[in-house]
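Before going through the questions below, please look over the sequence and the fold.

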Amino acid sequence: MTQTIGLSDEQHEIAEMVTSVAERFATTAGDVREQSFRDQPAGDEWHSIVEQGLHAIHLPESADGAGGTLLDAAVVLEQLAAHIHPGPVLATVAASAVCALAESSAHLHEFAAGATGAVSVAEGLTAEPHADGWVLNGTITAVVGAAQAEKMVLSAKHGDELIWVVTSAATATPADHTDLTRGVADITLTDVVVTADDILAGIDLEHARSIIVALAAAESAGVAGRCVALAVEHAKLREQFGRTLSSFQSMQHRLALMQVRAESARAAAWDALSALDTPPSDDTSTVQRDLAVAAAAVTTFAAAIDNAVELVVTLGAMGFTWENDAHLLWRRALANAAIDRSNAAWQVRLGHLAEQSKREVRLTDDTAHPELRTEVAAVLAAVGGRAQRDSSHAWLAASDVAWQTQLADAGLVSPHLPAPYGRGADPSEQDVIAAEFRRAGITPPDIIIGNWVLPTIITHGTAQQSERFVSPTLNGEIVWCQLFSEPGAGSDLAGVATRATRVDGGWRVTGQKVWNSLADVAQWGAALVRTDSTVAKHKGLSYFLIDMASEGITVRPIRQATGLAEFCEVFLEDVFVPDDCVVGEPGEGWKLATTTLANERLRMGEALGHGDSARFRTVIAQATDDETRALARAALGRAAAREAVLAALTVRGALLRLQGRNADSETSVLKVANIIAQREGSIDLMSFIDHTTPGQAALTASDTPGDVLDHLGLPAVLMGGGTPDIQLGIIARKVLALP
């Protein structure tokens, strides 16, 4: 199935149809390289789009359009860009979409009938009152699609007032353009009179700019995805040293990173267009729209350029030839990145927006599940917030069992669990519950490792095990640790060497576990143990629940580079585990472990462990000079873009699961994108460390938690749950189907 930024069945059908149309005008014959799109009228490639009604899919039915959304139009643009479709499609769709913002416009019918268009938000035109309306003068340079446009949507200034018009009277002077597949022209208006029918009232400049940029972002997402497909295709066929390129780990990781960029671009563009398709109800929703569009601009244009470069490198010398399509994709990526503000300017723009607000990507709106919303609000109002108690542990909140029990009884501690322990809440219901916690100003309790252990017990354990462990864990009476990793079995979890020997009434366990969070405070541990060494290593494992107070257990905290001890190593010397603490049957441990690791409770809007945007806001607030503030705003923009992408990837994955679709791509990509976001954010933050500045004295106070210590703690996320290399290998094999 064609990959697309759209998620609905209809949008997937649109993508498939557009792909078939685009392939009729494939560029592999080299025609695009030899013909100029600077000044010739739209040709067959445009008329094929009009015949299918794809150019007007977003226009209202009252204007003879299909009554679709901007996201529908973006799906069209994404697929056309992926196939380097030439002509004025982006320029025309953007022009008609901006025109549709007006209170009324007769020109929409002409766009729906197939008139080509162009739009610009650049300054350069002036408007003066005229007996019949306005008279326009001035020049705007480098307008995409202007050479082929029959109608131009432009803005002109009259003092502080902005006048929007549609005109066919501009003089277009074609100019050379990086993108060989569509024209660019400078346009000049000399005493052009526009009357009432050509004036567009009620258009907001930033709204118009957002539409243009978001549609271009959709194109760039298509370019980024196409680069992955072509690179994978080549790697599977090309042989070096008697092997296909795709069999080399370095190549697999390159292609997997390209996939991460492509999916991130899709998610960012999808979020921007979804925000634009939601009519703003107040200033807050307008800011949310602007945040989404700015994040898409920062993310998608860079992703497309990066992937185009990686495609050329993957293809080798042949990718650097005129005849190969790679440079056409590269050129489209570069052209889109220059369609409005520069990437640096978008970072600053997003930084300014993110100073005051954070992008909130929601799975539901405030009208979803009203009865659930009312019920949860009532429970939270009655229960109130957790009693304020300090906790000496870095990851574990102070216990308030009475408070947490009330929430557990209402199924609100882990609402995704089945009744009677949770509410069996699907992702949309979980989103509503989380929203009500935020609305009430209450931080929900987190059972941490229990989030992974309990689903395994409920799914594979006995009724007695569920009764014994589930409710006490949800109430906060039991804290869990996970005893999986070993010195010789980290990412290769099947290499577990800790062994269990059968004895009367149970098992005797001996071995060593390491990198165990909370093992120093946990009452119970979920352990993966080898019970049969005569079978394949995946088949000889069992899943034990171990009382951490058992005789023979020694827990030693591991002091990290930060000076803190957030992990432990656990030694087990002839530890007795009774039969009623074995989950499932002996030998089923690998299956149970995958249940534990695959459990995906919906987690959205949570702060990153490292390089979080909040830290950049602190830098801006504490900065004593304008230069530092300006640099920090750009860094905040980059951080906000990364966080918006992670949120969008999370929501897209949840929506796919709700639709019964495979979300493996979003899930795998999210893990790597999260690692990259925390690494890049933390490194960015180091640019602002200054031991002379109050509040940033981490260089001279190494025993005090600060930005430097936060940075030194990066390995916890870079290696926890599988190193980036392991995650990239998973994407290469499961998503890209590499050997």
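A crossing of two helices is called left-handed if the near helix is turned anticlockwise from the far one by less than a right angle, and right-handed if it is turned clockwise. The model discussed here is predicted.

Q: At roughly what angle do the axes of helix α1 and helix α4 cross, and is the crossing left-handed or right-handed?
A: Helix α1 covers residues 9-23 and helix α4 covers residues 70-82, and their axes come within 9 Å of each other. The axes cross at roughly 35°, and the sense in which α1 passes α4 is right-handed.

Q: Which residues of α4 meet α1, and how many residues of each class does the contact have?
A: From α1, the residues taking part are Gln11, Ile14, Ala15, Val18, Thr19 and Ala22. On the side of α4 they meet Leu71, Asp72, Val75, Val76, Gln79 and Leu80. Sorted by class, this contact of α1 with α4 has 8 nonpolar, 3 polar and 1 charged residues.

Q: How many bridges join β3 to strand β2, and how many join β3 to strand β7?
A: Strand β2 (residues 125-130) runs antiparallel to strand β3 (residues 133-144), and a hairpin of 2 residues links β2 to β3, with proline 129 standing opposite tryptophan 134. Strand β7 (residues 184-195) also runs antiparallel to β3, and here valine 143 stands opposite alanine 185. The pairing of β2 with β3 has 6 bridges, while that of β3 with β7 has 9.

Q: Which residues is valine 98 in contact with, leaving aside its neighbours within four places in sequence?
A: Valine 98 is one of the residues that touch the most other members of the largest nonpolar core. With those sequence neighbours set aside, its contacts are Val119, Val153, Trp164, Ile203, Ala208, Ile211 and Ile212.

Q: Is histidine 234 buried or exposed?
A: Histidine 234 lies in helix α7 (residues 205-237), and, not counting residues up to four places away in sequence, histidine 234 touches Leu245, Thr314, Leu315 and Met318. Because its relative accessible area is 13%, and the cut-off for this class is under 20%, histidine 234 is buried.

Q: Is the peptide bond from alanine 419 to proline 420 cis or trans?
A: Proline 420 has its place in the loop between α13 (401-409) and α14 (427-440). For the bond that leads from alanine 419 to proline 420, omega is near 10°, and the bond is cis.

Q: What is the phi of aspartate 64, and what is that of phenylalanine 241?
A: Aspartate 64 lies in the loop between α3 (44-51) and α4, and is exposed, with a relative accessible area of 56%. Phenylalanine 241 lies in the loop between β9 (239-240) and β10 (243-244), and is exposed, with a relative accessible area of 76%. Although aspartate 64 is not a glycine, its phi is positive, at about 75°; phenylalanine 241, likewise not a glycine, has a positive phi of about 55°.

Key. Residues are numbered from 1 along each chain as its sequence is written. This is a predicted model: local features need pLDDT of at least 70, side-chain atom pairs count only at pLDDT 80 or more; totals for chains, interfaces and linings use all residues. Side-chain values use heavy atoms; hydrogens and water are left out. Axes are lines fitted to C-alpha atoms, for helices over the stretch in contact, and angles run from 0 to 180 degrees between N-to-C directions. Helices (H or I, at least four residues) and strands (E, at least two) are DSSP runs, numbered from the N terminus. Contact means heavy atoms within 4.5 Å. Ala, Val, Leu, Ile, Met, Phe, Trp, Tyr, Cys and Pro count as nonpolar, Asp, Glu, Lys and Arg as charged, and the others, Gly among them, as polar. Two strands pair if DSSP finds at least two bridges between them. A nonpolar core is a set of buried Ala, Val, Leu, Ile, Met, Phe, Trp, Tyr and Cys residues joined through side-chain atoms within 4.5 Å. Buried means under 20% relative accessible area, exposed over 50%, partly exposed in between (1.4 Å probe, protein chains only).
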